[in-house]
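Me: I'm new to this one. Can you walk me through it while I look?

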Amino acid sequence: MTLQFTLAQQLPEAVETPCVVVGLFDGQFSAAAKRIDDAAGGALTRLLESNDLSGKSGATQVLFALPGVKTVRVLAVGLGDAKKFDAARYAKACGDATRALKGLPIDSAVSYLSELDVPGRDPAWKLRTAALASDAQAYKYTTTFKPREKAKTPELHTLAYAAPAGTDASALDQATAIAKGVRFARQLGNLPPNICTPAYLAGEAHQLAKDHPGVVCEVLEEEAMYKLGMGALLGVAQGSANKPRLIALEWKGGAADEKPYALVGKGVTFDTGGISIKPSAGMEEMKFDMCGAAGVLGAFLAAVELKLKLNLVCVVPAVENMPGGNAQRPSDVVTTMSGQTVEVLNTDAEGRLILCDALTWVQKYKPQVIIDVATLTGACVVALGKHASGLMTQDDALADELLKAGNATLDRAWRLPLWDDYQSQLETGYADIANIGGKYAGAITAGCFLSRFAEGFRWAHLDIAGSAWDEGRKGSATGRPVPLLVEYLLDRCA
């Protein structure tokens, strides 16, 4: 469950709580740390002078039983150089604090990091960002571990943030809803592929609708997709014993005649590459190839929790890409729901094949905007690394709106060109379009492929192949781009 967030108005030296959190810049105190130091007769100053306390970014230290201070513990969090302190460093400090807090035998704490000055950011942003950074650090995947005994010591479940009397708590309500969406996305991404199958994703969507009045869920199975002519999606799925699903969730929070916003997420629950099989090294990370689906489902959940006054559709094409006697082959030609034919030159370029049919199908809702999200290309990771998602669209206004939302939430994206110059790379002598564009600009040609199935609509594509999960044996799904998408939707409501 998500952390519980509240506001606190007491002074740091006077608040009765298991732990108070204050920030230290490199060489100077924050205002809250200065009050603690004064109340404790210069205890923090002496620790700094003896190099037993540090203000360097990432440093944390718990101080016990300081004189003149009511709390038992003070957690000092390093903030780095005050001149370089910005939004990203603020979020990091809030996460560093929670990482330290969850290792203490306490059930609650009061943080005064929310009082720090962050250039260009208002109090509501500071509260929401602090809460989201804290909840991200508090999350722990436990589903497939042996059940543990109930903890004998308290565990962190409540965080209060210092704020002046009369502060609007709605930012914390927003953070709680977004945190639920992020956790939902992370949980789906982290589950092993023998559990999180296309049928499992469909079950989770049904449960989401059951738990939230006003949400409608529709799931198409294989036969229905055949009747609709979804040859590209079905071609990817045909090598697996786990049958595909097309999942749709609908929320009508706006006027009855208002066109919805549509989120479409790639749901490849495991990607071996098919006949064009991937190398074995690192293939276990391909359980994360459904993080686009997880991201749009998490954003949808957050939007419903917030009861956003807009209409929203979430569509997930869910498949497993496996080799087998019935798997599609390189050089197969499939017919998409749109009628366009595709030569499958590489079965590991499967995400665009399931998305193209989903993009055609979602048009029945007549959406005013379509945003698709996918762990689509390794080329995007090469271009942008793990920090930014790739954004592609031919709509400059939509690009600006999404980039603004990313910058506001620190869930940032970077725009890549989607010029017609690249479309020629998708030409083939055997179909209307090839599913790969050759050696160069792989992320862009993937976007070009998808653009052919969204013509006539305001559409954008987010490639989250780099940002969706952290690498390594203990790497975890990040829940991105849930914050970006929810901020975009909040801005539309505003």
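Me: Which elements each supply at least two residues of the lining of the second largest cavity?

Reply: Those are α3 (87–101) and β7 (158–162). Bear in mind that this is a predicted model.

Me: Which of the elements gives the largest share of that lining?

Reply: That is α3, with 4 residues.

Me: What residues line the second largest cavity, then?

Reply: The lining consists of C94, A97, T98, L101, S111, L113, S134, L159 and Y161.

Me: How do they divide into nonpolar, polar and charged?

Reply: There are 6 nonpolar and 3 polar residues. No charged residue takes part in this lining.

Me: And how much space lies in it?

Reply: About 40 Å³.

Me: How many cavities of 30 Å³ or more are there?

Reply: The count comes to 3.

Me: OK, the largest cavity. What is its volume, and what lines it?

Reply: Its volume is about 40 Å³. The lining residues are G235, V236, G239, G274, I275, N321, M322, A327, Q328 and T347. By class, 4 of them are nonpolar and 6 are polar.

Me: What classes of residue are in the pocket lining?

Reply: It has 10 nonpolar, 6 polar and 7 charged residues.

Me: Let's zoom out. How many helices and strands does the protein chain have?

Reply: It has 14 helices and 19 strands. The radius of gyration is 24 Å, close to the 23 Å from the globule rule for 494 residues, so the chain is as compact as a globular protein of that length.

Me: What does the C-alpha trace span along its principal axes?

Reply: About 80 × 50 × 45 Å.

Me: What percentage of the residues is buried?

Reply: Buried residues make up 56% of the 494.

Me: Back inside. What share of contacts with a separation of 6 or more comes from residues 24 or more positions apart?

Reply: They account for 78% of those contacts in the protein chain.

Me: Is E487 buried or exposed, and why?

Reply: E487 is buried, because its relative accessible area is 11% and buried means under 20%.

Me: What does E487 touch, leaving out residues up to four places away in sequence?

Reply: E487 touches R128, A405, A408 and T409.

Me: And how far is E487 from K278?

Reply: They are 36 Å apart in space, C-alpha to C-alpha. In sequence, E487 and K278 are 209 residues apart.

Note on methods. Residues are numbered from 1 along each chain as its sequence is written. This is a predicted model: local features need pLDDT of at least 70, side-chain atom pairs count only at pLDDT 80 or more; totals for chains, interfaces and linings use all residues. Side-chain values use heavy atoms; hydrogens and water are left out. Ala, Val, Leu, Ile, Met, Phe, Trp, Tyr, Cys and Pro count as nonpolar, Asp, Glu, Lys and Arg as charged, and the others, Gly among them, as polar. The radius of gyration is taken over C-alpha atoms; the globule rule is 2.2 Å times the number of residues to the power 0.38. Buried means under 20% relative accessible area, exposed over 50%, partly exposed in between (1.4 Å probe, protein chains only). Contact means heavy atoms within 4.5 Å. On a 1 Å grid over the protein atoms alone, a cavity is a set of points where a 1.4 Å probe fits but cannot get out, and a pocket is an open set with protein on both sides within 12 Å along at least five of seven lines; lining residues have an atom within 4 Å of a point. Grid points are joined across faces, edges and corners, and a volume is the space filled by probe spheres set on the points.
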